[in-house]
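Q: I have a structure open and want to learn how to read it. Can we go through it feature by feature?

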Amino acid sequence: MYLWQKDQLSEEELVFIAQSPQTYNLEALTTLGLFYAYGRYGYKQSADEATYILNQAMAKKHAQAFYVYAHLVGEAFFKGEVDWTKSVAYLKKSAELGFDLAMTALGEYYLIGKGVKKSYRDGEKWLLKARNASSIPGLMILEKHYRELGYTDKANELLNVIKTYKSIEPIHIS
């Protein structure tokens, strides 16, 4: 679990995060950006400050920061409106940097056409590339789609892939 995914943080972790603008620990910096985005742990809620901090991590090509920012711009509270196009652009950057959770999210966006033209082919590409248990729900949708089209071999192939993934709890940013 990443620091920015934790619901409860120790005092030591909070100090570590507070020092991230000086230490440039990118995971801690990303977490600090979320603190500002949501107004947590005594940090005043500020989309501008969150964006500024996340931009520092993104400037260092930190894939997790791109992923987090992609989710934030997909929330109306953050900038006053949802921007799926921007969300997709940041997810793509994170996925291209190799972050598996971004690959999963991007694959799911393609399956439902969120911010992109609906494409089962592109959805499958990203979901399979992710190679993680978080992609199981999207792969199940894809397996059902292939079965409905009569592509039994392709559907069975996806089921076999799904069986290789360890079941884990879905990961949420909040």
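Predicted model: local features only at pLDDT ≥ 70, side-chain atom pairs only at ≥ 80, totals over all residues.

Q: How far apart are L159 and S134 in space?
A: Compare sequence with space. These two residues are 25 apart in sequence, and their C-alpha atoms are 15 Å apart.

Q: Where is E143, and what does it touch beyond four places in sequence?
A: E143 sits in helix α10. Its contacts, with the nearby sequence set aside, are A155, L158 and L159. Its relative accessibility is 9%, so E143 counts as buried.

Q: How do α8 and α9 pack?
A: Read two values for a helix pair: the angle and the distance between axes. Helix α8 covers residues 100-112 and helix α9 covers residues 120-130; their angle is about 160° and their axes lie 7 Å apart. Over 145 degrees counts as roughly antiparallel, which is why α8 is roughly antiparallel to α9. Their crossing is left-handed.

Q: Which residues meet where α8 packs on α9?
A: List each side in turn. From α8 come D100, M103, T104, L106, G107, E108, Y110 and L111. From α9 come Y120, D122, G123, W126, L127, K129 and A130. By class, this contact holds eight nonpolar, three polar and four charged residues.

Q: Why can residues spaced along a helix point the same way?
A: An α-helix has 3.6 residues a turn, so residues three or four places apart point the same way.

Q: Which residues of α9 are buried, and what do they pack against?
A: G123, E124, W126, L127 and A130 are the buried ones. They pack against α7, α8, α10 and α11.

Q: How do the axes of α7 and α8 cross?
A: Apply the reading used for the last pair. The axes of α7 and α8 come within 8 Å and cross at roughly 140°. That makes α7 oblique to α8. The crossing is left-handed. On the α7 side, the contact includes W84, V88 and L91; on the α8 side, it includes M103, L106 and Y110. The classes here are 10 nonpolar, two polar and one charged.

Q: Where is S119, and is it buried or exposed?
A: S119 lies in the loop between α8 and α9. Its relative accessibility is 17%, so S119 counts as buried. Beyond four places in sequence, S119 touches Y110 and L111. S119 and G107 are 12 residues apart along the chain, with C-alpha atoms separated by 9.0 Å.

Q: What comes just after α9?
A: Check the backbone angles there. R131 takes a positive phi of about 50°.

Q: Where is S135, and what is it in contact with?
A: S135 is in the loop between α9 and α10. With neighbours within four places left out, its contacts are T104, L127, A130 and Y165. Its relative accessibility is 0%, so S135 counts as buried. A polar atom of its side chain lies 2.6 Å from the backbone oxygen of N132.

Notes:
Residues numbered from 1 in each chain as written. Heavy atoms only, no water. Axes fitted to C-alpha atoms, helices over the stretch in contact; angles between N-to-C directions. Parallel < 35°, antiparallel > 145°, perpendicular 65-115°, else oblique. Left-handed = near helix turned anticlockwise from the far one by under 90°. Contact = heavy atoms within 4.5 Å. Nonpolar A, V, L, I, M, F, W, Y, C, P; charged D, E, K, R; others polar. Buried < 20%, exposed > 50% of the residue type's maximum accessible area, 1.4 Å probe, protein only. Polar contact = N/O pair within 3.5 Å; in protein donor to acceptor, adjacent residues only side chain to side chain.
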